Amino acid sequence: MPELVPFPVDRADITGYYEALAAALDGAGPALAPYEAGTPAPEFDAAALAAAPDDLALVVATSGSTGTPKRAMLTRGALVASATATHDRIGAGTWLLPLPPHHIAGTQVIVRSIVSGTTPTVLDAWSLEGFTKATGLVARNAPPFSPIHTSLVPTQLRDLLDGDDETHTRALAAARRYRSILVGGSATPRALLERAREAGLSVVTTYGSSETSGGCVYDGTPLDGVGVRVIEPDDDGVGRIALTGPTLAAGYLGDPERSGATFVDEAGTRHFLTDDLGSFDGTLAITGRIDDVITTGGYKVSPRVVEEAVQRVPGVRDAVVVARPHERWGQTVAVAIVTDAAVDATEELSERLLIECRRLLPPYAVPRLVRYEEALPLTGVGKPDRAFVARHDQWQNLR
């Protein structure tokens with residue numbers, strides 16, 4: 001039975017976590033259950049550990065953006081396989097860590113650093129000034145001719161691009177120094193990616209989760225050793241996404257029933273059944289989540305497809321689409337919008353929104369309700385908090 005210890009992670013100083021994680025990866029130290037310093041430590045019992053693999057290195061909570069958070073068990077082999085596959089794709093290098101280190105995306109920055117023998121520079125509080133300064137430190141600390149990398153969530157990428165004052169200009173120049181900027185944590189709007197690449201940023205979109213040791217598909221292409229299957233595709237080739245490969249978690253700590261339903265063997269190959277919907281023709285395209293799908297009048301609507309349409313409207317900075325109850329249709333489509341700083345939430349904007357959505361979407365997918373926000377509520381890893389948005393009861397009729 002492996003030893004597992006809760007480990008408080010201080011975002012301002014990850015030295016202890018780096019050392020403990022390195023020991024866990026080479027088998028010299030116990031497995032870790034990281035959590036944010038100052039918050040309650042995770043609890044687990046001996047019975048749960050009895051079923052854990054002997055090479056357990058990390059137990060990391062899912063982000064909990066939907067449903068009950070789960071505790072994924074990651075082995076030494078899975079974590080190292082993920083880091084090695086990333087290095088094979090983008091090259092080993094020196095990293096800036098501007099994400100919470102106790103979440104899987106932040107932890108993987110540390111794992112990649114351990115595997116490559118480097119030390120990441122930590123940005124413990126996000127700001128453009130801090131990003132610029134930290135990038136300089138990363139570049140100075142990197143070995144000669146070694147690339148530098150970082151990992152951001154879409155909100156941070158947008159912060160780099162929105163503005164033309166001196167602070168933004170310096171931050172954007174700093175961002176251009178990175179060989180790769182991994183962007184994950186939530187769906188990145190296509191328009192935002194286009195802006196970033198037009199600005200000269202080497203952005204790489206990532207797809208993955210705690211159950212896959214972090215990102216396992218980069219720019220739609222699986223990392224080496226990772227397999228993608230679409231379960232029960234519809235006429236458009238869209239179905240539930242299943243993943244295979246050496247980066248998969250061993251299951252969920254203390255939850256054999258959920259482990260058995262989520263990690264399944266088929267024809268001798270172990271699959272992780274995600275909650276995501278998408279298609280795969282050599283390139284993975286995610287269209288939404290099973291539990292986010294809106295059913296209105298018998299039609300199924302993917303929030304992500306509607307969000308992409310809304311974000312094409314000039315003046316819309318960000319958007320999240322949710323279901324609201326409807327007496328006749330069961331659910332109706334609602335959109336919460338953040339506008340650009342120079343744009344007011346006016347009837348004219350709502351009219352442009354309606355015109356664009358009617359042009360791009362089938363009638364049943366066009367939003368009927370709108371709510372204008374100063375900022376979207378986010379989960380700890382920068383994903384829109386859809387459940388929080390959906391609980392609002394003050395919406396404007398859009399049509």
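## Basis of the model

Residues are numbered from 1 along each chain as its sequence is written, and side-chain values use heavy atoms, leaving out hydrogens and water. Because the model is predicted, local features need pLDDT of at least 70 and side-chain atom pairs count only at pLDDT 80 or more, while totals for chains, interfaces and linings use all residues.

Helices (H or I, at least four residues) and strands (E, at least two) are DSSP runs, numbered from the N terminus, and two strands pair if DSSP finds at least two bridges between them.

Strands β8 (residues 180-183) and β9 (residues 203-209) run parallel and are joined by 3 bridges. Ile181 stands opposite Val203 in β9.

## A hairpin

Strands β20 (residues 316-326) and β21 (residues 330-339) run antiparallel, with 10 bridges between them. A hairpin of 3 residues connects β20 to β21. Arg324 stands opposite Thr332 in β21.

## Cysteines

The whole structure contains 0 disulfides, a disulfide being a pair of cysteine sulfur atoms within 2.5 Å. Cys216 is buried at 1% relative accessibility, and Cys357 is buried at 1% relative accessibility. Buried means under 20% relative accessible area, exposed over 50%, and partly exposed in between (1.4 Å probe, protein chains only).
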